[in-house]
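I set out to look up side-chain contacts and surface patches in this structure. My entries follow in the order of the look-ups.

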Amino acid sequence: MSARRAAPRAAHHAGGLFGRIALLLVVAVLASQAFTLWLTVRQREDLLAEQLYAQVVDTLADLEGMLDTIPRDERPAFLASYNRPGLPQLLPLDAAAGYDFRGQVPRLGMDLAARLASNLSEPVEVRWRQAGERRELWLAVQVVDTRYWLAMPLGRFLGPPLSPTLIASAVVACLALLAAFALAWRVTRPLSRLADASRQLADGVSPEPVEPAGPREIRAFTAQFNRMVAHLDAAASERRLMLAGLSHDLRTPLTRLKLALEMQPDNPDRPDMLDDIDELSRIVNQFIDFARSEEGGRMEWVSLAELADSVVGRFARAGLDVRLSREAEPELLADALALERLLSNLIDNARRYGATPITVTLAEGAGMAELTVHDCGRGIAPAARQAALAPFERLAPQRGHDGGSGLGLAIVSRVVQQHGGLLLFLDPPQGGFAIRVRLPLGRASSLPA
């Protein structure tokens with residue numbers, strides 16, 4: 001039925017395999033890109049820190065070697081000629097008074113100071129100075145027998161910003177996600193087709209063979225599903241043929257038996273025997289109707305009001321207290337013979353298991369035609385309603401032993417399914433029991449014309 005098909009489809013879109021694979025791929029790609037970017041940055045920082053430490057150690061070693069051979073009073077002149085802009089400079093401690101060191105020391109400078117302090121076994125003060133594009137790291141170190149400021153330019157150690165790397169990472173992530181989505185779609189698309197085909201099979205409609213696609217395992221599963229559907233179709237065809245043939249073969253001897261009984265002289269048992277033959281004939285007719293309900297009829301525009309008027313009139317002429325209430329006169333594309341069989345079974349069930357009067361109501365709403373059969377009986381217990389739609393289910397505890405075939409509501413349910421409709425059991429507030437059939441207006445059935 002349409003309502004039962006809508007729920008699985010909604011669930012499929014909300015939490016389907018493709019959505020879960022897509023989410024997993026997004027998380028995996030983004031996590032791998034983030035880890036790769038973090039690892040690249042850390043390796044770059046570690047490499048620059050190692051290079052800076054090596055240069056600081058080499059510079060200090062060179063300066064200490066040179067200053068150790070120069071008298072103390074000549075060292076300022078030497079340093080004045082040694083210090084050049086853009087290169088490491090060794091400055092007296094009072095040189096820091098004329099500069100602004102309010103900037104925060106980068107992590108590279110803090111790690112360098114900590115490493116130097118550990119190797120020199122003495123604290124190393126560190127400051128950060130930035131003037132325009134000039135960035136310097138000042139370290140307070142002991143050279144020979146005097147403390148100096150070692151000003152190290154960090155322009156080439158800080159490196160360029162990470163924007164190009166981030167952009168490249170984002171582009172690679174997008175390309176990877178597109179490729180992953182394409183792969184996920186290729187894997188899940190055949191499964192979606194199989195799910196649609198299985199829903200059609202569950203609704204009583206034989207699906208078209210599903211084209212094998214996707215990975216090897218899914219192709220094998222699809223081929224097996226197609227073979228299963230073919231075997232089910234063959235079994236159903238054999239069952240229909242056997243049921244129709246058997247029912248047809250029973251009709252002739254029943255007709256002869258009834259004719260012979262009617263020609264016999266009157267006896268007290270003849271009315272009961274004729275009733276039994278009529279009951280057998282009715283059961284045989286229901287077997288034939290059930291076999292035919294599996295086959296597609298000719299689709300045409302049907303006036304539901306005219307069809308209901310004809311069926312209700314036939315029962316009324318037979319003495320049944322039944323009436324038709326027309327709240328609308330819907331027209332729909334349907335199998336007229338199947339709908340006539342549907343309404344006849346509903347009225348007959350109400351007559352046999354309910355209580356008169358019986359009301360057949362036609363209405364229309366939300367793009368659906370509504371056909372309701374309401375009787376004044378106790379109806380079907382809620383716990384047994386779904387079972388009542390199964391073939392050969394007679395609900396003896398609820399309805400008594402009446403010799404019925406248990407195919408009336410099964411035929412109704414199959415016709416409703418084949419027309420893409422909905423079958424509802426109702427407990428009207430005014431009492432009694434009702435069955436409502438909702439059929440789509442202006443919509444072709446899934447049955448072949």
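The entries below cover salt bridges, aromatic pairs and surface patches.

**Entry 1. Model.** I note at the outset that this is a predicted model.

**Entry 2. Salt bridges.** I began with the total, and the structure holds 14 salt bridges. I then examined individual pairs.

I looked up Asp111 and Arg107, whose side chains meet at 3.1 Å, N to O. Both residues belong to helix 4 (residues 107-120) and stand four residues apart, about one turn of the helix. Asp111 is partly exposed because its relative accessibility is 38%; Arg107, at 42%, is also partly exposed.

I next took Arg314 and Glu340, which form a salt bridge at 3.8 Å, N to O. This pair links distant parts of the chain, with Arg314 in helix 9 (residues 304-317) and Glu340 in helix 10 (residues 336-353), 26 residues apart. Arg314 has a relative accessibility of 36% and counts as partly exposed, and Glu340 is partly exposed at 31%.

I then turned to Arg438 and Glu370, where the closest N and O atoms are 3.1 Å apart. Here too the pair links distant parts of the chain: Arg438 lies in strand 11 (residues 433-440) and Glu370 in strand 9 (residues 368-375), 68 residues apart. Are these two residues buried or exposed? I found both Arg438 and Glu370 to be buried.

I also recorded a network of salt bridges that links Arg72, Arg75 and Asp145.

Entry 3. Phe35 and Trp38 both lie in helix 2 (residues 17-67), three residues apart. Phe35 is partly exposed at 49% relative accessible area, and Trp38 is partly exposed at 48%.

The pair of Phe425 and Phe433 is stacked, at 6.2 Å centre to centre with 25° between the planes. Phe425 counts as buried because its relative accessibility is 18%, and Phe433 is buried at 4%.

**Entry 4. Surface patches.** I located a nonpolar surface patch of about 410 Å², made by Ile167, Val171, Leu175 and Leu178. Ile167 sits in helix 6 (residues 163-202) and is exposed, with 56% relative accessibility.

Which residues gather in the patch of negative charge on the surface? I found Asp269, Asp272, Asp275 and Asp276 there. Asp272 belongs to helix 8 (residues 270-293).

Definitions and conventions: Residues are numbered from 1 along each chain as its sequence is written. This is a predicted model: local features need pLDDT of at least 70, side-chain atom pairs count only at pLDDT 80 or more; totals for chains, interfaces and linings use all residues. Side-chain values use heavy atoms; hydrogens and water are left out. Patches are made of residues with over 30% relative accessible area and no salt bridge: like charges are joined within 9 Å, nonpolar side chains (Val, Leu, Ile, Met, Phe, Trp, Tyr) within 5 Å. Accessible areas come from the Shrake-Rupley method with a 1.4 Å probe; for residues, only the protein chains shown count as cover. A salt bridge is a side-chain nitrogen of Lys or Arg within 4 Å of a carboxyl oxygen of Asp or Glu. Lys and Arg count as positive and Asp and Glu as negative; His and the chain ends are not counted. The place of a charge is taken as NZ of Lys, CZ of Arg, CG of Asp or CD of Glu. Helices (H or I, at least four residues) and strands (E, at least two) are DSSP runs, numbered from the N terminus. Buried means under 20% relative accessible area, exposed over 50%, partly exposed in between (1.4 Å probe, protein chains only). Rings of Phe, Tyr and Trp (its six-membered ring) pair if their centres lie within 6.5 Å; planes under 30 degrees apart count as stacked, over 60 as edge-to-face and the rest as tilted.
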